[in-house]
Amino acid sequence: MSDEFGQEQAIRKLTPGKLVIASHNPGKVREIAALLGPYGIEPISAASLDLPEPEETGTTFIANAELKAMQAADLSGLPALADDSGLCVDALGGDPGLFSARWAGPDKDFDFAMRTVWEGVEAKGPDAGHDAHFICALALAWPDGHVEAFEGRVDGTLVWPPRGPHGFGYDPMFQPIGYDISFGEMDPDKKHAMSHRADAFAQLVKAVF
Ligand code: IMP
């Protein structure tokens, strides 16, 4: 992180103690709690503090993660961690991107969302490539307004029809580079070790502990 004069600033360390996980998704809170357990972090969910879910008005994954983390830190008086993630498809100019969850509609229908992505790519014609990547941004904010952010990425190719029973969201139509199986076919432990989320967490752990 650099200051207004371009000087490198030291990354702020996270000391053992309470950390608000600024997500209302219990699965995410559990996963993050498990990842941070070894560092003496005591996770507290945003839901248990009755914190509101802010509108995701940012124009980047990092901006959205930062606004969620900063609001939770400000309201709770504790450090807070938030994430934002999505699938970006080159042939669709980066869509669904920030809107990955919203493309599944109110019923969270990812069969529908995956079909929409695939039909969008098909509509671009036979020369449209199938390159895609997942992004995961993580932001760690303190009550004084300081924030550190990290962005993880995994590159791959879209496949059709969707394959595999594992994972969630767009996993069955995403095949990471170097593999001939989709994230939906991959053993979950293996996915968790090589995903965009793993990449972002590795950066965070290296920087703040
Ligand atoms: P949010 O980060 O909770 O706002 O939503 C991210 C959305 O991106 C999810 O609902 C999924 O649709 C998609 N997404 C993010 N990470 C993954 C992943 O690892 N596999 C499949 N879909 C993902």
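Six strands line up into an open sheet here, in the order E2-E1-E3-E4-E5-E6, and their pairing is mixed. Keep in mind that this is a predicted model.

- Which strands stand at the edges? They are E2 (41-45) and E6 (174-176), and each has a single partner strand, so one side of each is left without a neighbour in the sheet.
- Going from one strand to the next, the twist averages 35 degrees.
- Strand E1 (residues 17-21) runs parallel to E2, and five bridges join the two.
- To see one of these pairings up close, find Val20: its bridge partner in E2 is Ile44.

**The helix on the sheet**
- Helix H2 (residues 61-76) packs on the sheet, where it touches E1, E3 (80-89), E4 (131-141) and E5 (147-158).
- Compare H2 with E3 and you'll find that their directions make an angle of about 160 degrees.

**Around the ligand**
- There are 15 residues around the ligand, and the ones that come nearest are Lys28, Asp171, Lys191, His196 and Arg197.
- Asp171 has a side-chain N or O atom 2.6 Å from a nitrogen atom of the ligand.
- For His196, a side-chain N or O atom is 3.1 Å from a ligand nitrogen atom.
- How much of the ligand's accessible area does the protein cover? On its own the ligand has 490 Å², and the protein covers 88% of that.

Technical notes:
Residues are numbered from 1 along each chain as its sequence is written. This is a predicted model: local features need pLDDT of at least 70, side-chain atom pairs count only at pLDDT 80 or more; totals for chains, interfaces and linings use all residues. Side-chain values use heavy atoms; hydrogens and water are left out. Two strands pair if DSSP finds at least two bridges between them. Helices (H or I, at least four residues) and strands (E, at least two) are DSSP runs, numbered from the N terminus. Axes are lines fitted to C-alpha atoms, for helices over the stretch in contact, and angles run from 0 to 180 degrees between N-to-C directions. Contact means heavy atoms within 4.5 Å. A residue is near a molecule or strand if one of its heavy atoms lies within 4 Å of it. A polar contact is a pair of N or O atoms within 3.5 Å; within protein, one must be able to donate a hydrogen and the other to accept it, and residues adjacent in sequence count only if both atoms are side-chain atoms. Accessible areas come from the Shrake-Rupley method with a 1.4 Å probe; for residues, only the protein chains shown count as cover.
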